[in-house]
Amino acid sequence: MAETMRAIVKTAPGPGASLQEVPKPSTGPGEALVRVVAASICGTDHHIYEWNEWARGRIGPHIPQIMGHEFCGIVEETGPGVSRVSEGDFVSAETHIVCHECKTCRRNQYHVCLNTRILGVDVDGAFADYIVVPAENLWVNSPDLPPDVASALEPLGNAVHTATAEPLAGKHVLVTGAGPIGAFSVGVAKALDAARVYVSEPNPYRLSLAGKMGADHLINPSEVPLRDAIMELTGDGVDAVLEMSGSPRAIRDAISCVIPGGHIAQLGLPPGDVSIDLNELIFKGVRFYGIIGRRIWETWETMSQLLGEGGLDIRPVLTHTFDLESFEEGIRLMEEGACGKVVLSVS
Ligand code: NAD
Ligand code: ZN
């Protein structure tokens with residue numbers, strides 16, 4: 001009988017997901033089989049779990065599907081033609097599978113590949129004992145990187161990509177939203193030698209996480225108007241905003257708090273159309289960057305350097321660990337916002 005493994009599977013349209021025994025996947029040319037050691041839960045997984053409109057449209061056509069995309073593990077087997085990784089390597093994965101053929105790939109802009117497929121979204125994911133991925137998507141970690149940290153490199157890469165839109169050294173930086181990625185970005189901005197990091201976050205638990213990551217000023221925008229607080233602290237506004245919430249209000253705050261000539265790096269995904277004063281953006285001469293994914297592989301190289309000699313420690317944000325069976329407890333915590341990054345310990 002074929003070998004099986006445990007996996008969290010989105011089996012049917014509608015809320016929920018279930019832990020099942022499914023066939024263990026096997027490698028084809030260019031692929032690697034990874035034994036998953038730890039995986040972490042992303043907001044995207046939550047969307048797939050709750051089955052929102054985006055999930056219905058994107059995942060609906062190809063369920064059943066194994067969930068999850070943030071993970072680390074040990075390469076157990078490689079398919080024909082793989083030289084990038086070897087059996088026994090401790091790896092994390094770039095979750096965007098790119099085509100190498102489209103116009104943007106041919107411009108080395110892989111992060112905006114026109115044919116991007118995402119692990120756990122468009123193909124089977126990592127909330128399982130094993131995952132098969134294109135070997136070219138694997139990043140080999142130092143064997144002594146803690147597994148919970150290695151499981152979260154993909155979202156940490158979002159923070160690093162956002163924080164490196166322009167140099168932050170010596171700058172006053174506002175982070176709006178201290179969910180896991182915003183909280184990571186506080187540590188990243190500090191490791192990149194930002195002069196001061198200000199954080200705006202309405203959830204007190206998460207605001208305190210930003211403090212643990214080294215933020216200099218914590219502001220609850222439900223208690224004080226953010227612009228007033230920022231102007232009082234900086235005089236003329238911050239040099240850079242890392243927008244990590246997607247909240248329309250935070251996006252408007254970003255525009256009003258940035259100094260003329262500064263920049264806003266927008267990672268947060270708003271729920272729909274956002275009304276902003278575009279004139280304010282233009283007259284202030286603000287550079288506005290849309291940030292998607294990670295630059296392949298520049299962001300990973302910077303991240304690795306920051307985690308090494310850069311002294312970046314993201315463990316304060318990795319607040320909870322569950323086993324695969326208790327995955328739904330992690331989802332519930334995320335719904336309550338009473339957590340940083342939730343990690344699943346798999347093997
Ligand atoms: P999250 O939802 O866990 O965190 C968002 C945080 O923003 C929450 O803590 C929330 O309390 C806070 N917030 C809400 N309204 C706010 C306001 N007015 N001002 C300040 N903070 C406010 O999300 P996450 O997993 O940390 O991800 C951050 C954002 O990045 C999300 O919007 C996510 O969808 C997006 N994202 C984008 C990419 C990309 O490639 N562009 C990749 C991953 C995630
Ligand atoms: Zn492409």
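1. Is Trp 300 buried or exposed? Trp 300 counts as buried, because its relative accessibility is 1%. Buried here means under 20% relative accessible area, exposed over 50%, and partly exposed in between, with a 1.4 Å probe and protein chains only.

2. A word on the basis. This is a predicted model, in which local features need pLDDT of at least 70 and side-chain atom pairs count only at pLDDT 80 or more, while totals for chains, interfaces and linings use all residues. Residues are numbered from 1 along each chain as its sequence is written, chains are lettered from A and ligands numbered from 1 in the order in which they are written, and side-chain values use heavy atoms, with hydrogens and water left out.

3. Helix H11 spans residues 298-307. Helices (H or I, at least four residues) and strands (E, at least two) are DSSP runs, numbered from the N terminus. Thr 299, Trp 300, Met 303, Leu 306 and Leu 307 are buried in H11. They cover an arc of only 125 degrees around the axis, so they sit on the same side of H11. The arc is taken from the directions from the helix axis to the C-beta atoms. In general, an α-helix has 3.6 residues a turn, so residues three or four places apart point the same way.

4. What do the buried residues of H11 pack against? Their partners are strands E6 (90-93) and E10 (138-140), and helices H4 (147-151), H5 (153-163) and H6 (180-191). Contact means heavy atoms within 4.5 Å.

5. Aromatic pairs come next. The whole structure holds 5 of them. Rings of Phe, Tyr and Trp (its six-membered ring) pair if their centres lie within 6.5 Å; planes under 30 degrees apart count as stacked, over 60 as edge-to-face and the rest as tilted. Tyr 49 and Phe 327 form an edge-to-face pair, 5.8 Å centre to centre, with 75 degrees between the planes. Tyr 49 lies in helix H1 (residues 43-50) and Phe 327 in helix H12 (residues 327-336), so the pair ties together parts 278 residues apart in sequence. Both Tyr 49 and Phe 327 are buried. Trp 139 and Trp 300 form a tilted pair, 5.8 Å centre to centre, with 35 degrees between the planes. This pair links strand E10 to helix H11, 161 residues apart. Trp 139 is buried, at a relative accessible area of 14%. Tyr 49, Phe 127 and Phe 327 form one aromatic cluster.

6. Now the zinc ion (ligand 2). Its protein donors are the SG atoms of Cys 99, Cys 102, Cys 105 and Cys 113, lying 2.3 to 2.4 Å from it. Donors are N, O and S atoms within 2.8 Å of the metal (3.2 Å for Na, K and Ca); water is not among the atoms, so sites may look incomplete. The site is tetrahedral, with angles of 103 to 120 degrees among its 4 donor atoms. Four donors count as tetrahedral if all angles lie between 85 and 135 degrees. Along the chain, the donors follow the spacing C-x2-C-x2-C-x7-C. Cys 102 is buried at 8% relative accessibility, and Cys 113 at a relative accessible area of 6%.

7. Helix H8 (residues 226-234) has Leu 226, Ala 229, Ile 230 and Met 231 as its buried residues. Their cover includes strand E11 (172-176) and helix H9 (248-257). Just after H8, Gly 235 takes a positive phi of about 90 degrees.

Technical notes: Tetrahedral: all angles 85-135°; square planar, octahedral: opposite > 155°, others 65-115°.
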